[in-house]
Amino acid sequence: MKGEEAMNERIRTILGRVGRLPVPVKGLGDDSDLHAAGLTSFGTVEVMLSIEDEFGIEFPEEMITRARFSSIAAIGEAIRTIAAR
């Protein structure tokens, strides 16, 4: 779990930097609904691009969905799935 926690903190840092959320990212749980917290379509794109840079991955088109960016945990799962390919 320690690796997962570290990844989630990296994701949280990116959300705080480029997600443009109107709420403090530190207060969000790993399963909190990011869209309900104010993540917009534009913010999602910014987060996706920053995650690609940070983790050295590229999201395949079929993985670019609202659900994949619905929570920190969902983003982490997507990163692990891509990295395992």
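**Entry 1: H1 against H3**

I started with a crossing: H1 passes H3 in a right-handed sense. A reminder to myself before going on: this is a predicted model. I then looked up where the two helices sit, and found H1 at residues 2-18 and H3 at residues 72-83. Their packing angle is about 115 degrees, and the axes lie 10 Å apart. That angle makes H1 roughly perpendicular to H3, because 65 to 115 degrees counts as roughly perpendicular.

Next I listed who meets whom. From H1 come Glu4, Met7, Asn8, Ile11, Arg12 and Leu15. On the H3 side I noted Ile72, Ile75, Gly76, Ile79 and Arg80. Sorted by type, the residues of this contact are six nonpolar, two polar and three charged.

**Entry 2: H1 against H2**

I turned to the other partner of H1. What angle do H1 and H2 make as they pack? I read about 135 degrees, with 9 Å between the axes. So H1 is oblique to H2. The crossing of H1 with H2 is right-handed.

For the contact itself, I wrote down Met7, Arg10, Ile11, Ile14, Leu15, Arg17 and Val18 from H1. They meet Gly43, Glu46, Val47, Ser50, Ile51, Glu54 and Phe55 in H2. This contact divides into eight nonpolar, two polar and four charged residues.

I also marked the names that turn up in both lists: Met7, Ile11 and Leu15 of H1 meet residues of H3 and also residues of H2.

**Entry 3: the nonpolar core**

Which residues touch the most other members of the largest nonpolar core? My list reads Ile11, Val47, Ile51, Phe55, Phe59, Ile75 and Ile79, out of 24 residues in that core. H1, H2 (41-55) and H3 each supply at least two of the core's residues.

Leaving out residues up to four places away in sequence, Ile75 touches Ile11, Leu34, Val47, Ile51, Arg68 and Phe69. Among these, Ile11 belongs to H1, while Val47 and Ile51 belong to H2.

**Entry 4: Thr44**

Last stop for today was Thr44, which lies in helix H2. Is Thr44 buried or exposed? Thr44 has a relative accessibility of 15% and therefore counts as buried, the cut-off being under 20%. With residues up to four places away in sequence set aside, Thr44 touches His35, Leu39 and Phe69. Phe69 was already in my notes as a contact of Ile75.

Notes. Residues are numbered from 1 along each chain as its sequence is written. This is a predicted model: local features need pLDDT of at least 70, side-chain atom pairs count only at pLDDT 80 or more; totals for chains, interfaces and linings use all residues. Side-chain values use heavy atoms; hydrogens and water are left out. Axes are lines fitted to C-alpha atoms, for helices over the stretch in contact, and angles run from 0 to 180 degrees between N-to-C directions. Helices (H or I, at least four residues) and strands (E, at least two) are DSSP runs, numbered from the N terminus. Angles under 35 degrees count as roughly parallel, over 145 as roughly antiparallel, 65 to 115 as roughly perpendicular and the rest as oblique. A crossing is left-handed if the near helix is turned anticlockwise from the far one by less than a right angle, and right-handed if clockwise. Contact means heavy atoms within 4.5 Å. Ala, Val, Leu, Ile, Met, Phe, Trp, Tyr, Cys and Pro count as nonpolar, Asp, Glu, Lys and Arg as charged, and the others, Gly among them, as polar. A nonpolar core is a set of buried Ala, Val, Leu, Ile, Met, Phe, Trp, Tyr and Cys residues joined through side-chain atoms within 4.5 Å. Buried means under 20% relative accessible area, exposed over 50%, partly exposed in between (1.4 Å probe, protein chains only).
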